[in-house]
Amino acid sequence: MKHEIYSCLKMLEAFHDRVIKTYNLGVIGSYYYLGKEYQRLWELLKKHLTQEQIQFIPQIETEYISEFETDKRRVFVLELSTICSVAISYLHSLDMDIDKELSIKKEELKLKEKELEAREKEIDFMNKLLNKSLDAIKQFPELQRSKIVEGIKKSHRQIEEHSKNQ
């Protein structure tokens with residue numbers, strides 16, 4: 001992928017995020033400027049893509065919509081978001097082939113497997129810790145009984161010593 005196309009891709013990704021935030025915040029009054037900005041990005045892409053490639057990047061017409069037609073403005077912003085998604089997907093596909101995509105998926109799977117192994121080890125550790133805690137809790141009454149017995153024996157010894165001394 002050419003550097004210029006990659007730069008346009010990154011700008012489109014950032015632009016797409018902005019379009020989504022604009023819609024979610026309900027600031028659809030800026031729809032016109034968003035449309036103009038997309039058209040500017042499309043023109044940049046047109047300079048660096050072939051005629052066949054640019055056909056896969058959707059265009060959008062920006063027209064004035066009355067401030068009273070908020071539903072039309074919302075639809076326009078949603079349409080702009082969809083168009084951005086399509087353009088971003090296509091630009092990503094320019095740098096991919098099936099082998100490269102498969103190798104990326106394999107790497108992702110390896111990372112997921114390592115993550116699962118780490119979680120399994122963590123779970124095993126937690127289970128061992130829990131079992132030790134349970135054993136300690138089970139032994140608590142026995143420890144208390146042992147201390148009581150030890151206290152009684154100590155008292156008996158003191159009584160015996162006291163009896164011997166008198």
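Tutor: Let's begin with exposure: a residue is buried under 20% relative accessible area, exposed over 50% and partly exposed in between (1.4 Å probe, protein chains only). With a relative accessible area of 44%, Asp 124 is therefore partly exposed. Asp 124 lies in helix α5, residues 98-165; helices here are DSSP runs of H or I of at least four residues, strands runs of E of at least two, numbered from the N terminus. This is a predicted model, where local features need pLDDT of at least 70 and side-chain atom pairs count only at 80 or more, while totals for chains, interfaces and linings use all residues. Residues are numbered from 1 along each chain as its sequence is written, and side-chain values use heavy atoms, leaving out hydrogens and water.

Now for the aromatic rings. The structure holds five aromatic pairs, where rings of Phe, Tyr and Trp (its six-membered ring) pair if their centres lie within 6.5 Å, with planes under 30 degrees apart called stacked, over 60 edge-to-face and the rest tilted. Tyr 32 and Tyr 33 form an edge-to-face pair, because their ring centres are 5.8 Å apart and their planes stand at 85°. Tyr 32 is partly exposed at 29% relative accessibility, while Tyr 33 is exposed at 60%. Phe 56 and Tyr 90 are stacked, since their centres are 4.8 Å apart and their planes at 15°. This pair links distant parts of the chain, 34 residues apart: Phe 56 is in the loop between α3 (51-54) and α4 (70-94), and Tyr 90 is in helix α4. Tyr 90 is buried, with a relative accessible area of 15%.
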